[in-house]
Each structure stands twice: as C-alpha cells, then as structure tokens.
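Please open the model in your viewer and keep the sequence panel beside it. The stops below are meant to be followed in order, each with something to select.

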Amino acid sequence: MRKLLTILCLLFSLTVSSQCVSNQSFILSAPGPYSPGDVVAVDYTLGTFTQLNINWIIAFQINLGAGWTNLIPLIDPVGGGTQPGGWVWDVQNTYPSGLNFGPGWRFVNTGFVPDWGSQSTGPFTMRFRVTVDQTCTADDLSISINVIGDCLTGGWNNGACCSDPAYQIYNGNVQVVTPITSNISHY
Amino acid sequence: MKKLLTVLLVCFGLIAYGQTTINPDTVCANAVGEQYFVTNTPTSTYNWTVTGGGGALQTGQGTDLITVDWGGVSGLYLSAIGVIESNAAGCPGLPVLLDIFVLDLSSNVIGPFCPGDPSATLVGNPAGGVWAGTGVTGNNFDPATAGVGNYVLTYSMAGCNTTINVVVNNGPVTGPIQHF
C-alpha cells in the first residue's frame, strides 16, 4: 500500500522541498501577558498536513517555557484518515528512532504498525490548558508546537523527513509583580 | 495661588500616605512601645528588622505595624529599622530603611538655694532644648522669683524630656537682740 503511494507520489512529482505543515492557527484564552497563577487555554489548529514522501503525521509535541506548569489536555485531535487508531495524550514516549517525545498527543496506529501515524491530512484541532507557575522571576512563558511525521520517529523511512520548525504560539515572560513599600512612619 | 496649591497637594499627600516621619527619626532614650508602620497591603507580609540603638522588636512581626523598645545610648543608628514586604506570591520588594537617632537628655544639677540667691544657669545636654518650670526664664532659674519650695524643672527637646529637682530653702529667721 505504501509502496503504491510512493510510486504515485513520484509520478505526480510531489514537490519535496515544501513543508508538511501549513495553515496553522491558535487562540489563547485569555491573551497575555500573564502573571503567576494565570490559567490559559490554548486552541491549536493544524489546517493541512502535506505528506512529504508519504510521511504520515504522528504526533503533536507541546513545548513550554519553564514558567508554565500544570499542562492539561482538554480536547484531543481527531482523525486517522483510513488508518484505525487514536490520538493519545502522553507525557513522554521514546520512539524507535530515539526521538524523545512529550508532552503532547501522539497517534497510535492500531491497523499496521503503532508508529506509522495517521493518514489524515487534517485539519486537526486540539485544546490544552496551562497555568503560570508561582514565581518571583520573569520566567519563560513560550508556547510552541512541533508537528512530527512518522519519518522522524522511525516508523517510516522514505527519503527526506518533514522538518517543519516549531510553530510559535506565545512568546513572553512572567509578569512579576513585586510590592512597592511605603516609607516607614513613626506614630 | 500656585504655592497654595503646592502646599495643599503636599499636605494631602502626607495625609493619604500617613507619611510623617523624617529620616532620621528621633526617639527618646529608653522609650518603650514606639510604633512604626508602613502602608498596609492586606495580602502582603512584612519582615521587620531592628538593629542598633539597643532596639528590640516587641510586637507585630509579619504585619504592617510593629512596636519597638529602644536603648539608652544616645547616638545616630543608620538603618536601625528595616522592612521587606512580600506579596501574596511570596515575591519580596525592595527593603525600606529608617535611621534612628536615640536622644538622651541630661542637665546640670543646681541648688539648693536660698531665696536671696542670684539666678543660676540651667544647662541642658544636648543644647538647643527648652527649659520650663517655676522660676525659669530662658535658661535661668531665679530662686527669688520661684520662692521657697521644691520645684521640678523640665528640659525638653524633640518630644523628649528630662527633669531636675530644685530646692529653695527658707532663710534663717533671726529674733530680736535680747539683753540678759
């Protein structure tokens, strides 16, 4: 099946230099800047996943700055294309290639090989929630997502892998509030 | 008009912030229960330090208001009181410091006097204070003006006082000359 797809792709001269990931978007509820204790919901949508060399999408890796804590998945992505299986939340997983994944969602293919990923090209929507940790320093609050194809995980090896850069959702630092004390008075 | 507005604004500012203490603050030697405070933020905690001047924090650690007992050694003590405020997240602010001048008043001893004695000079230390009491005019005590009796004279400065006791005795009463 995959070989057939490979041949078809070659025949149709798929542009190998194009990115696999496109039409990404996000919504932050609420928008920054953020202070300790703030809770933020992140809605992320991947509009299209182009299957470069038949790389199938397999995981969404969430990258958080040190200022975040309490990452909680709220809405899982859906869609396996023609492939059975599902998107599971995982804090950590080491793929056959040695790729250290997590946290995020990864597709477990129950049809062929677990590491083959999803044949769906999108769109994928998901939501997670994070909380700004209690801190007195302006810690990093960046949020980004890497979309990973099964070529990177060792599930599929057919030429160049998708190597899209992380999609930046938020860049900022904790807004630290330090008290301003009045002068000392004497009754 | 501009000056008036400026004065009003300054006064309003002082009232609004309750800030009436000039640095350094002067306290009397061996004063007890002296209260110090900062503007309170209900969610904050306050870590006070009292160093020098024989000061000892008595009550209020953690709050916006403390009481302090002071020692008896006169002098200027830099940063004798300090406070660091921490907000609800535990983040500390910058330390706020206050210098303390411990003022120990003393004076010379005068008397006892007889009603006809000349005026005596009152000497307070440090100089610059004010003498008060019966028979006192400026820095002088006049036994004739005071008359016979026991008097307490007060030397005051910057809210501190010291007292001395002065006695004006009766003069001898001599009877008429008798011839045996």
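The tour goes from the interface to the sheets of each chain, and then to a salt bridge and a loop residue.

**Before selecting anything**

This is a predicted model, in which local features need pLDDT of at least 70 and side-chain atom pairs count only at pLDDT 80 or more, while totals for chains, interfaces and linings use all residues. Residues are numbered from 1 along each chain as its sequence is written, chains are lettered from A and ligands numbered from 1 in the order in which they are written, and side-chain values use heavy atoms, with hydrogens and water left out.

**Stop 1: the interface**

Colour the two chains separately and select the residues of chain B that are in contact with chain A: there are 30 of them, facing 15 residues of chain A, where contact means heavy atoms within 4.5 Å. The area buried between the two chains is about 1,800 Å², with carbon and sulfur atoms giving 59%; buried area is the accessible area (1.4 Å probe) that two parts lose on being put together, summed over both.

Which strands of chain B give two or more residues to the side that touches chain A? They are E1 (25–28), E2 (34–37), E6 (75–86) and E7 (96–103) of chain B, strands (E, at least two residues) being DSSP runs numbered from the N terminus, as helices (H or I, at least four) are. E6(B) gives the most, with five residues. By residue class, this side of chain B divides into 15 nonpolar, twelve polar and three charged; here Ala, Val, Leu, Ile, Met, Phe, Trp, Tyr, Cys and Pro count as nonpolar, Asp, Glu, Lys and Arg as charged, and the others, Gly among them, as polar.

Between chain B and chain A, the count of salt bridges is zero, a salt bridge being a side-chain nitrogen of Lys or Arg within 4 Å of a carboxyl oxygen of Asp or Glu.

Now select strand E12 (residues 185–186) of chain A together with E2(B): two bridges join these strands, which run antiparallel. Two strands pair if DSSP finds at least two bridges between them. Within this pairing, His186(A) stands opposite Tyr36(B).

**Stop 2: a mixed sheet in chain B**

Select E1, E7, E6 and E3 of chain B, which form an open sheet in that order with mixed pairing. Its edge strands are E1 and E3 (45–50) of chain B, each of which pairs on one side only. The twist averages 30° from one strand to the next, where axes are lines fitted to C-alpha atoms (for helices, over the stretch in contact) and angles run from 0 to 180 degrees between N-to-C directions.

E3(B) and E6(B) pair in the antiparallel sense over six bridges, and the bridge partner of Trp48(B) in E6(B) is Val83(B).

**Stop 3: an antiparallel sheet in chain A**

Move to chain A and select E1, E2, E9 and E4, an open sheet of four strands in that order with antiparallel pairing. The edges are E1 (21–29) and E4 (68–75) of chain A, each pairing on one side only, and neighbouring strands are turned by 25° against each other on average, direction ignored.

E4(A) and E9(A) pair over five bridges, and Ile72(A) stands opposite Arg129(A) in E9(A).

**Stop 4: a salt bridge in chain A**

Over all chains, a search of the whole structure finds two salt bridges. Asp43(A) forms one with Arg127(A), the closest N and O atoms being 2.6 Å apart. This pair links distant parts of the chain, with Asp43(A) in E2 (residues 39–49) and Arg127(A) in E9 (residues 124–132) of chain A, 84 residues apart.

**Stop 5: a loop residue in chain B**

Finally, select Asp64(B), found in the loop between E4 (56–59) and E5 (65–69) of chain B. Its C-alpha atom is separated by 6.9 Å from that of Thr39(B), 25 residues apart along the chain. Leaving aside neighbours within four places in sequence, Asp64(B) is in contact with Tyr36(B), Phe37(B), Val38(B), Asn40(B), Tyr46(B) and Trp48(B).
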